[in-house]
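Subject: Structure handover

Hello,

The structure is below, and my notes on it follow. Please read them with the model open.

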Amino acid sequence: MTTLHRQPGSAGDFIASFVPEDVIAQTARGLAVEVGLQPVAPAVGAALRMLAGACAAKAVVEIGTGTGVSGLWLLRGMRADGVLTTIDRESEHQRMARRLFTEAGFSASRARVITGRALEVLPRLADGAYDLIFVDADPTEYAAFMDAAARLLRPGGVVVLHGVLTSGRDVFTVRDLAYAVRDDDTWQPALLPLGEGLLAAVKS
Ligand SMILES: C[S@@+](CC[C@H](N)C(=O)[O-])C[C@H]1O[C@@H](n2cnc3c(N)ncnc32)[C@H](O)[C@@H]1O
């Protein structure tokens, strides 16, 4: 019998390469870098796809479209008749995202792309109508986005905040928020150390 001697890479490499990105997501990533954005890591994308699939998501809100990396993963996890409502204040980013959604085979009706500041757009969305909300924007507004998520999600719906393991200047802001979510009976939370860190919470 032959013994295979394999050299395991680091856990970080294993996580990063476990679910690889396809060429369209790689294109979206390249465009993000060109315009100075930091898109979600492939491991975060895989987690978003998995969560969208686990809650059979038909209606998803994304805050921070960027060039569409996270949106592509979300669309791939959602039901085939699901609609992604994605918000960004930069129409130029969204123009690229929209093109890549089309290239990936999603019809225009699958993505409702709204340009504007999220806190001005969210009040127009319907209460209790969404299965999943993904936030990848300015951490100083995350507390307000959580208030909006409590209103917009159906019971059992999931909110995911990206960037909560930052060591940057917003570290106290996001940690205070994480503790507040943990101590609020509305939410069943977990911290997931993928990418820049995810705070995921199920609405009771
Ligand atoms: C990190 S990028 C998003 C990357 C994207 N999720 C991806 O993985 O490709 C953050 C985006 O959020 C947008 N943004 C930041 N704050 C916002 C706000 N308050 N309202 C709407 N868009 C915002 C920025 O214009 C930027 O395109």
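Leaving aside neighbours within four places in sequence, which residues is Asp-127 in contact with? They are Arg-151 and Leu-152, where contact means that two C-beta atoms, placed from the backbone, lie within 7 Å. Before the rest, two points on reading the model. It is predicted: local features need pLDDT of at least 70, side-chain atom pairs count only at pLDDT 80 or more, and totals for chains, interfaces and linings use all residues. Residues are numbered from 1 along each chain as its sequence is written.

Asp-127 itself sits in the loop between α6 (118–121) and β4 (130–135). Helices (H or I, at least four residues) and strands (E, at least two) are DSSP runs numbered from the N terminus. Asp-127 is exposed, because 10 other C-beta atoms lie within 10 Å; the cut-offs are 12 or fewer for exposed, 20 or more for buried, and partly exposed in between, with C-beta atoms placed from the backbone. Its C-alpha is 46 Å from that of Gly-9, which is 118 residues away along the chain.

Overall fold

The protein chain has eight helices and seven strands. Its radius of gyration is 17 Å, close to the 17 Å that the globule rule gives for 204 residues, so the chain is as compact as a globular protein of that length. The radius is taken over C-alpha atoms, and the rule is 2.2 Å times the number of residues to the power 0.38. Along the principal axes, the C-alpha atoms fill a box of roughly 65 × 40 × 35 Å. Buried residues account for 42% of the 204. Of the contacts between residues at least 6 apart in sequence, 71% join residues at least 24 apart.

Core

The largest nonpolar core has 58 residues, and Val-60, Ile-133 and Val-160 touch the most other members. Such a core is a set of buried Ala, Val, Leu, Ile, Met, Phe, Trp, Tyr and Cys residues joined through C-beta atoms within 7 Å. Helix α3 (residues 42–54) gives the largest share of this core, seven residues. Beyond four places in sequence, the contacts of Ile-133 are Val-61, Ala-149, Leu-152, Leu-153 and Val-159.

Helix α5 (residues 91–103) has 13 residues and spans 18 Å from its first C-alpha to its last, close to the 18 Å expected, which is 1.5 Å times one less than the number of residues. Its buried residues are His-93, Gln-94, Met-96, Ala-97, Arg-98 and Phe-101. Their cover includes α2 (23–34), α4, β2 and β3 (111–115). Just after α5, Gly-105 has a positive phi of about 100°.

Leu-31 lies in α2 and is buried, because 20 other C-beta atoms lie within 10 Å. Not counting residues up to four places away, Leu-31 touches Thr-67 and Met-96.

Ligand

How many residues surround the ligand? There are 22, and the closest are Pro-39, Gly-64, Gly-66, Val-69 and Ser-70; a residue is near if its C-beta atom, placed from the backbone, lies within 6 Å. The shell divides into eight nonpolar, seven polar and seven charged residues. Here Ala, Val, Leu, Ile, Met, Phe, Trp, Tyr, Cys and Pro count as nonpolar, Asp, Glu, Lys and Arg as charged, and the others, Gly among them, as polar. At least two shell residues come from each of α4 (69–77) and β2 (83–88).

Regards
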